[in-house]
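Subject: Structure for you to look over

Hi,

Here is the structure I promised.

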Amino acid sequence: MLDRLAPAIFVFLWSTGWIMARYVAPHADPLTFLSVRFSLAAVALLVICLVLRTNWPSSRIQWGHAIFSGVLLHGIYLGGVWWAIDAGVPTAVSGLIAALQPLLTALAAPLVVGERLTRLQWAGIIFGLAGLLIAIVPRLAGLHASEIGAASLPLIVNVVAMAGVTAGTLYQKRFLQAEGLRSTAMLQYIGAVAFVLPLALLTEDLHIDWNIHILVALVWSVLALSIGSILLLLYLIRRGQVSRAASLIYLVPPAVAIEALLLFGERLTPAMILGTLIVVVGVYLTNHPREKAA
């Protein structure tokens, strides 16, 4: 039963990450909040590991692999996404960029595991990139030349974040298949804190408004996102079901866009709607090849 439900549950939980980033933005500096969130998640998982007597990585090298994978999966990815949204990237656009992860994974597959792309997969990659350009170029075109640079930087950071989670997933699959899920997740959050906390100290005022909004965001972010969704992701990777989760990723952009519209009133322009639909088609084609590679 869990094998059937895990991919859908994971995608639902994953999609709420962008909503939390937008929800927290008026009340806390993004990297500061993530430092608190990652620290609480690490402590909670440590308690769980001790109570359940979880097996720990078998060597110092494996400890290092787990910590470094946390830098990729959480530090670069979530740090970049939350910073970009705080810097002005619309929630729906950020979700659209992140949905290109399967396309980037497909591009990396020939280099990492020697897989050859089919014609449908190449078509999907082209569709995905075209949809993203359709969604964001009109937004940039409406800016003055002096404003384009400032607006482009958060988008670039968001793309780098997407590359980070792609690298983290491949790294996890390559080096951490035999390690305990809970202990690996705990060590990954140590790596995430080690990455985002120094950046927060260097670039932010460490500002957090401790109110009901922050408490709700922390509870959901730690329990549902940092623990629930990540353990599900590690479980899917371990079970070899990453492709099943990836096949549902195409539902994330419209879900995030609708949630952002309902909760925050973010306007969906025709270009955004068209670009999202094209990205959905692209990700679908990339994850549903129907022909053998030439």
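How much space lies in the largest cavity? About 120 Å³. Keep in mind that this is a predicted model.

**Cavities**
The structure holds two cavities of 30 Å³ or more. In the largest cavity, α1 (2-24), α3 (60-86) and α9 (212-239) are the elements that each give two or more residues to the lining. The lining residues are Leu 13, Trp 14, Gly 17, Trp 18, Arg 37, Tyr 77, Leu 78, Val 81, Trp 82, Leu 225, Ser 229 and Ile 230. By class, nine are nonpolar, two polar and one charged.

**Second largest pocket**
This pocket has about 160 Å³ of space. Its lining is made up of Ile 97, Leu 100, Leu 103, Leu 104, Leu 107, Ile 125, Leu 129, Leu 132, Leu 133, Val 159 and Met 162. Two or more residues come from each of α5 (101-112), α6 (119-141) and α7 (145-175). Helix α6 gives the most, with four residues. The class count is 11 nonpolar, no polar and no charged.

**Helix pair**
Helix α4 (residues 91-98) and helix α11 (residues 252-264) have axes that come within 8 Å. The axes cross at roughly 170°, so α4 is roughly antiparallel to α11. On the α4 side, Thr 91, Ala 92, Gly 95 and Leu 96 make the contact.

Best wishes

Terms used
Residues numbered from 1 in each chain as written. Predicted model: local features only at pLDDT ≥ 70, side-chain atom pairs only at ≥ 80, totals over all residues. Heavy atoms only, no water. 1 Å grid on protein atoms, 1.4 Å probe; cavity = no way out; pocket = protein on both sides within 12 Å on 5 of 7 lines; lining within 4 Å. Points joined across faces, edges and corners; volume = space filled by probe spheres on them. Nonpolar A, V, L, I, M, F, W, Y, C, P; charged D, E, K, R; others polar. Axes fitted to C-alpha atoms, helices over the stretch in contact; angles between N-to-C directions. Parallel < 35°, antiparallel > 145°, perpendicular 65-115°, else oblique. Contact = heavy atoms within 4.5 Å.
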